[in-house]
Amino acid sequence: MAKQKTKFVCQECGYESAKWMGKCPGCQSWNTMVEEINILEKQKNRSYVTSSGTRQKPQPITAVQGEKEPRVSTTMAELDRVLGGGIVPGSLVLVGGDPGIGKSTLLLQLSAKLANANERVLYISGEESVKQTKLRADRLELASEQLYVLAETDIALIEGAIDEVQPSLVIIDSIQTVYQDEITSAPGSVAQVRECTAAFMRVAKTKGVAVFIVGHVTKQGSIAGPKLLEHMVDSVLYFEGERHHSYRILRAVKNRFGSTNEMGIFEMKQLGLEEVKNPSEIFLEERSQGAAGSVVVASMEGTRPVLVELQALISPMGFGNPRRMATGLDHNRVSLLMAVLEKRAGMLLQNQDAYLKVAGGVKLDEPAIDLAIALSIASSFRDQPTEPMDVAIGEVGLTGEIRRVSRIDQRVNEAAKLGFKRVIIPEKNKGGWTAPAGIEVIGVQTLEQAIEVVLGR
């Protein structure tokens, strides 16, 4: 008979303790320790094996034959871009996002597209019945003989269904609803999520089946459950965007088979999610002409240049300390650039409230957006509009110098493609490439010089 031992596990971070505590020592959360019964028994046949079913032996790395991972195209260019070129057989992918953002819609569309390409797909829902899944598929006009659906939450029955159907892709919606009988805690607990994810990992690695699992998120926006969940999977994708707006952004925060800098953009329409081929046009289509505080910047999202609008509103503070608010930008970076403007450009901003945002709901975090942030603040402070056909690119140093940035030719080409007439870049970036016809390239060395070019004296 297996021995039983009681333990207390934090439902936020997975911290384990032999006794109950009101406050978790791991994540400092209150009232998150839940009692669980740990069955101590030797588990057999739990080691990982190759997809061929044979156990591996240690070998020199020089003797390993390097092979390029085969990929299955999703026929969705934006999703392929985020995944690194397509789905890798035997991979385990975690998809997270706010409720109602479109995770289930995206994965059901992915399932139907692969099924229409003669790939057998098994869609397992623990939150909806088979009829509900069918209704959603009818609404999206999706149907295929190769798409199998199942409403189940028992991990043993799910593994049996995978053995029966022999799919090339399995969708689990969601991991928080799946449970193992051997574990006494409720579905969604740390122990259940950990063990069920480990079971799906074994299925993926031993059978060569790609598995996509949906993960719930907390109020803070992080994936619910232990951080171990994100460590176990091969890729972690976040689906972002306001549920009341039509645009959705898919990002990879972890990817063992590709870059984590790529971004996929979709638009929610009546028939589901549609890919946005040229996001720069979308982000700039509602831009106001002749408004102070508006500057366009060319930012790199992975290998793709994206033109977005930065907006700043500078107004005298009403009370107390001045406010500094930023949406889509790093708050500390905004404070730093305002300090540089005060010291190097002579602008008295210490008694001004500052509100900045990136139009379109995009989050930017690369250094090349510094110059555009500074120019938008200066434009709003002087109440002087910038030229609508200008693009600003460059990193700003603490001494006020404008430093070089990477991939300047791709950024300028994207600006020229959208009809912009002038681009302000670091002086050091002017050599070594040829600017496209129809756009003027102006190199600046200091922040003060850039303000003079854009706004005049």
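A disulfide, for this tour, is a pair of cysteine sulfur atoms within 2.5 Å. By that rule the count here is zero.

**Before you click**

You're looking at a predicted model, where local features need pLDDT of at least 70, side-chain atom pairs count only at pLDDT 80 or more, and totals for chains, interfaces and linings use all residues. Residues are numbered from 1 along each chain as its sequence is written, and side-chain values use heavy atoms, with hydrogens and water left out.

Colour by pLDDT, the predictor's confidence in each residue, from 0 to 100. The protein averages 89, and 93% of the residues score at least 70. Now select residues 40–45: pLDDT is below 50 there, and beyond near neighbours in sequence the stretch has five contacts (heavy atoms within 4.5 Å) in the model. Where pLDDT is low, the predicted coordinates should not be read in detail.

**Stop 1: C10 and C24**

Buried means under 20% relative accessible area, exposed over 50%, partly exposed in between (1.4 Å probe, protein chains only). C10 is buried at 0%, and C24 is buried at 1%.

**Stop 2: S17**

Helices (H or I, at least four residues) and strands (E, at least two) are DSSP runs, numbered from the N terminus. Select S17 in strand β2 (residues 16–17); this serine is buried, at 12%. A polar atom of the S17 side chain lies 2.8 Å from the backbone oxygen of K19. Leaving aside neighbours within four places in sequence, S17 touches K7, F8 and M33.

**Stop 3: strand β9**

Show residues 235–240. Five of the six residues of β9 are buried, so the strand is largely enclosed by the rest of the structure. Two strands pair if DSSP finds at least two bridges between them. Strand β4 (residues 92–97) runs parallel to β9, joined by five bridges; G96 has Y238 as its bridge partner. Strand β10 (residues 247–255) runs antiparallel to β9, with six bridges, and V236 stands opposite K254.

**Stop 4: helix α10**

Select residues 408–417 and pick out the buried I408, R411, V412, E414 and A415. They sit on the same side of α10 because they cover an arc of only 160° around the axis, taken from the directions from the helix axis to the C-beta atoms. What do the buried residues of α10 pack against? Their partners include α7 (279–284), β13 (294–301) and β14 (304–316). Finish at G419, which follows α10 and has a positive phi, near 90°.

Terms used
A polar contact is a pair of N or O atoms within 3.5 Å; within protein, one must be able to donate a hydrogen and the other to accept it, and residues adjacent in sequence count only if both atoms are side-chain atoms.
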